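Good morning, and thank you for coming.

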Amino acid sequence: MDNKSNLKNEIFSYHLVELSFFSALKLLFFPPTKRKVPGLKFSLCLFAMNLGQNIFSFSRYRFNTLAFIARWSDEESLERFLSKKANSFGSASAWHIRMRPYRRWGSFTGLEAAYLFEEFKNPRGSVVGLTVAKLRLSQVRRFTKWGKPVECQVKSNKGKKLAVVSMKPLRFFSTFSIWRTEDSMLSMVNGNKEQMDGMNHKEAMQERSRKPCR
C-alpha cells in the first residue's frame, strides 16, 4: 500500500497525439496499461472532439486525435515511457502536459487515492481543469443534454486558453481545459458572474449531485 511520502512523488499527464485513423482506433481499444508500463497507476484513452458542436455532426469528432490521461508513480516513470522509440506518445505529433492535483470534486476509480497537494499557490498563474466520467448507458442522453451547454460556455469563456472534450464510446467522457488563472476557472465552475460566465456549469453540477454518474 502506498504511503504518504510515495504519493507525493506522483504526477499526472494529459496527452494529445495525432495518428492515422486505424492506428488511433487500435490504440483507443488497446492503450498502455499499468500491467504493461512500469510506474503507470491509471490510464484512460479517448478520442478527441470539438467543443459545442452537434453530437450528430461528423465534424465534431476528431477520429485521428487521441487524448490519454495517466497517473504515474513518479516523473521518472513518465520519462521512461516517453523515451521509448516505438511509443506514439513521445513522437513529434504528440503534445502533453504534466500536472499535480490540488482540488477534487467527486471520485473516480483509480484516481480517488491520488495525493492532493496544497492549495494553488499562484492564483494569478495558469491552472488546468480535468473531468472524467463513467456513465451507465441509461445516463448518456441525460449527460449529453447537460454537457453540450457547458461545452459552449467553456468555449466562449475569455478566461480559457485551451479546451478539449473527449470520449470512449459510449461510457467514458472527459474534459480538459487550461485557464489563465484559478479565479477565472472557479468563476466559470460556480457561475459567479452570470453575464460573463453563465450558469450552465453550476446547474450541471447540481444535476450531477442529484443523480451521480458513477
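Let us begin with Glu 151, which forms a salt bridge with Arg 60, the closest N and O atoms being 2.9 Å apart. By salt bridge I mean a side-chain nitrogen of Lys or Arg within 4 Å of a carboxyl oxygen of Asp or Glu. Glu 151 lies in helix H4 (residues 140-156) and Arg 60 in the loop between strand E2 (40-49) and strand E3 (61-72), so the pair ties together parts that are 91 residues apart in sequence. The names of helices (H or I, at least four residues) and strands (E, at least two) refer to DSSP runs, numbered from the N terminus.

Before I continue, please note that this is a predicted model, in which local features need pLDDT of at least 70 and side-chain atom pairs count only at pLDDT 80 or more, while totals for chains, interfaces and linings use all residues. Residues are numbered from 1 along each chain as its sequence is written, and side-chain values use heavy atoms, with hydrogens and water left out.

Are Glu 151 and Arg 60 buried or exposed? Both are buried, where buried means under 20% relative accessible area, exposed over 50%, and partly exposed in between (1.4 Å probe, protein chains only).

A second pair joins Glu 79 to Arg 98, with the closest N and O atoms 2.8 Å apart.

Next, Arg 103 and Glu 182 meet in a salt bridge at 3.0 Å, N to O. Arg 103 sits in the loop between E4 and strand E5 (127-134), and Glu 182 in helix H5 (residues 182-190), 79 residues apart. Arg 103 is partly exposed, with a relative accessible area of 31%, whereas Glu 182, at 8%, counts as buried. Further salt bridges share partners and join Glu 10, Lys 41 and Arg 71 into one network. How many salt bridges does a search of the whole structure find? The search finds six.

Seven of its nine residues are buried, so H5 is largely enclosed by the rest of the structure. Among the buried residues, besides Glu 182, are Met 185, Leu 186 and Val 189.

I turn now to strand E1 (residues 11-18), where Phe 12 is found. Phe 12 is buried, with a relative accessible area of 8%. Leaving aside residues up to four places away in sequence, Phe 12 touches several others, including Ala 70, Arg 71, Ile 97 and Arg 98; contact here means heavy atoms within 4.5 Å.

Asn 157, in the loop between H4 and strand E6 (160-168), is also buried, at 7%. A polar atom of the Asn 157 side chain lies 2.8 Å from the backbone nitrogen of Gly 159.

Finally, which residues line the second largest pocket? They are Leu 27, Pro 32, Val 37, Phe 81, Lys 84, Ala 86, Asn 87, Ser 88 and Phe 89. A pocket is an open set of points on a 1 Å grid over the protein atoms alone, where a 1.4 Å probe fits, with protein on both sides within 12 Å along at least five of seven lines; lining residues have an atom within 4 Å of a point. Thank you for your attention.

Definitions and conventions:
A polar contact is a pair of N or O atoms within 3.5 Å; within protein, one must be able to donate a hydrogen and the other to accept it, and residues adjacent in sequence count only if both atoms are side-chain atoms.
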